[in-house]
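The sequence and structure are shown below.

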Amino acid sequence: MPGTINGVGTRYWGRGALQRREARCEHCGRVGPLEDYETRLWFVVLFVPLIPLGRKQILDQCKACTWHRAVPLAAWQEHACAQVAEALAAAGAAPDELEPSLRLVGTLLGLGRRDDARRTVEALAARFPDVARVHGAAAEVHLERGDVAAARPCWRRAADLEPDGATPQARHAQLAAALADLAEGD
């Protein structure tokens with residue numbers, strides 16, 4: 001982690017492609033906003049950036065304790081592109097199968113590409129309107145984006161499609177739908 005003593009040291013400067021989500025910090029254990037963003041590491045004198053030391057991808061920076069992971073930006077982008085390309089190839093090889101497409105959604109979420117995950121799961125919901133797992137995945141995507149209101153109808157639809165709760169996803173959807181109903185009643 002960067003740091004300075006009497007204004008001399010290293011600091012991050014700038015934030016691009018900022019994404020926030022509510023989650024538990026791995027370091028301090030608090031639930032709160034975690035941020036992913038692109039930045040540049042600088043050598044500073046009197047807190048003035050003088051020498052750029054490299055571009056970084058910051059992962060899961062906690063607002064409470066400031067703990068985070070820093071990865072060279074080029075390596076992160078290469079990794080992300082390879083993961084998405086692999087998941088896309090698997091989903092494209094079996095377009096009528098649900099599993100590869102759901103793995104693609106998970107890959108996109110894991111890489112912080114929440115808008116791409118939302119678009120993908122919306123397309124899946126249009127193709128597989130009567131599959132509870134798709135609506136459960138849609139609810140998870142909305143939650144990752146911080147949109148609880150959009151997740152509620154997805155939970156309800158998933159619970160309605162599997163009222164017997166035969167799968168863990170269906171039981172989770174039933175519980176989430178019941179909790180959403182309780183929250184609306186307040």
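## Packing of helices α2 and α3

Helix α2, spanning residues 98–110, packs against helix α3, residues 114–127, at an angle of about 160°, and their axes lie 8 Å apart. The two helices are therefore roughly antiparallel, since an angle over 145 degrees falls in that class. The crossing of α2 past α3 is left-handed. These descriptions refer to a predicted model.

On the α2 side, the contact involves Leu 98, Ser 101, Leu 102, Leu 104, Val 105, Leu 108 and Leu 109. Their partners in α3 are Arg 114, Asp 116, Ala 117, Thr 120, Val 121 and Leu 124. By residue class, the contact of α2 with α3 comprises nine nonpolar, two polar and two charged residues.

## Setting of Arg 157

Arg 157 belongs to helix α5, which covers residues 148–161. Its relative accessibility is 31%, so Arg 157 is classed as partly exposed.

## Contacts of Arg 157

Leaving aside residues up to four places away in sequence, Arg 157 touches Pro 129, Asp 130 and His 135. Two of these contacts can be described in more detail. The side chain of Arg 157 comes to 3.1 Å from the backbone oxygen of Pro 129, and a polar contact of 2.8 Å links the side chains of Arg 157 and Asp 130.

Key
Residues are numbered from 1 along each chain as its sequence is written. This is a predicted model: local features need pLDDT of at least 70, side-chain atom pairs count only at pLDDT 80 or more; totals for chains, interfaces and linings use all residues. Side-chain values use heavy atoms; hydrogens and water are left out. Helices (H or I, at least four residues) and strands (E, at least two) are DSSP runs, numbered from the N terminus. Buried means under 20% relative accessible area, exposed over 50%, partly exposed in between (1.4 Å probe, protein chains only). Contact means heavy atoms within 4.5 Å. A polar contact is a pair of N or O atoms within 3.5 Å; within protein, one must be able to donate a hydrogen and the other to accept it, and residues adjacent in sequence count only if both atoms are side-chain atoms. Axes are lines fitted to C-alpha atoms, for helices over the stretch in contact, and angles run from 0 to 180 degrees between N-to-C directions. Angles under 35 degrees count as roughly parallel, over 145 as roughly antiparallel, 65 to 115 as roughly perpendicular and the rest as oblique. A crossing is left-handed if the near helix is turned anticlockwise from the far one by less than a right angle, and right-handed if clockwise. Ala, Val, Leu, Ile, Met, Phe, Trp, Tyr, Cys and Pro count as nonpolar, Asp, Glu, Lys and Arg as charged, and the others, Gly among them, as polar.
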